[in-house]
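Visitor: Could you take one part of this model and go through it closely, giving the cut-offs behind each term as you use it?

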Amino acid sequence: MLQVGMTVPCLYPSSEQNSRKKDKLLCSQLQVVYFLQNFLAQEDIAQDLGPLASEDVSRQKATEAKEQWKELKATYQEHVEAIKSTLTQALPQMEEVQRKRVQLQEAFEQLQAKKQAVMEKFKAAQKQRKLQQEKHLQSLAEVSAGLKERQKGIQQKLEQLHQELGTLKKQAEWEQDKLQR
């Protein structure tokens with residue numbers, strides 16, 4: 001049993017199905033019920049004092065109860081208005097945050113796509129440069145092989161000409177000897 005003047009904490013457990021607003025409303029209603037029970041308990045005590053005293057006390061208690069009820073109602077209305085005001089301010093901000101999040105996500109995805117394209121171009125350029133270097137090296141190797149082959153041919157021709165010169169010198173000497181005799 002509740003005692004007069006006892007405050008009632010809002011202990012209504014919140015379930016996943018009930019929203020916070022519903023919980024607050026139920027807690028407020030529960031406080032009103034406890035308040036009325038206290039009021040009725042005080043009435044029972046006042047009735048024991050006598051009919052005249054009880055009527056005055058009842059009127060006084062009723063007036064106090066009305067005042068407390070008005071205060072509770074005003075407090076509840078203030079809380080409702082504060083919640084509405086907060087929601088009114090928060091909703092556009094949330095929408096703006098959501099819009100900016102979407103923009104950032106799109107920008108990130110575009111940058112990722114650009115990065116991928118740049119990486120692909122870079123890899124293609126590296127591959128092309130490698131192929132060009134290989135072709136150039138192959139061309140240089142072919143030219144080098146050709147020059148070596150040509151040098152070898154020239155060297156052989158030079159040796160042949162050198163031998164012929166040696167033979168011609170011997171013949172010239174022989175002919176000169178012949179002429180001198």
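Guide: What follows is a close look at one helix, beginning with the salt bridges and ending with the pocket.

The model is predicted, so local features need pLDDT of at least 70 and side-chain atom pairs count only at pLDDT 80 or more, while totals for chains, interfaces and linings use all residues. Residues are numbered from 1 along each chain as its sequence is written, and side-chain values use heavy atoms, with hydrogens and water left out.

The helix in question is α2, which spans 51–180 (helices are DSSP runs of H or I with at least four residues, numbered from the N terminus). A search of the whole structure finds two salt bridges, a term that requires a side-chain nitrogen of Lys or Arg within 4 Å of a carboxyl oxygen of Asp or Glu. In one of them R99 pairs with E96, and the closest N and O atoms are 2.3 Å apart; these residues lie three apart in helix α2, which means that about one helical turn separates them. In the other, the side chains of E96 and K100 meet at 3.8 Å, N to O, and here the spacing is four residues in α2, again about one helical turn.

The largest pocket has a volume of about 540 Å³ (an open set of points on a 1 Å grid where a 1.4 Å probe fits, with protein on both sides within 12 Å along at least five of seven lines; the volume is the space filled by probe spheres set on the points). Its lining, made of residues with an atom within 4 Å of a point, comprises 18 residues, of which K24, L25, S28, Y76 and H79 are the closest to the centre. The elements giving two or more residues to this lining are α1 (20–47) and α2, and the largest share, ten residues, comes from α2.
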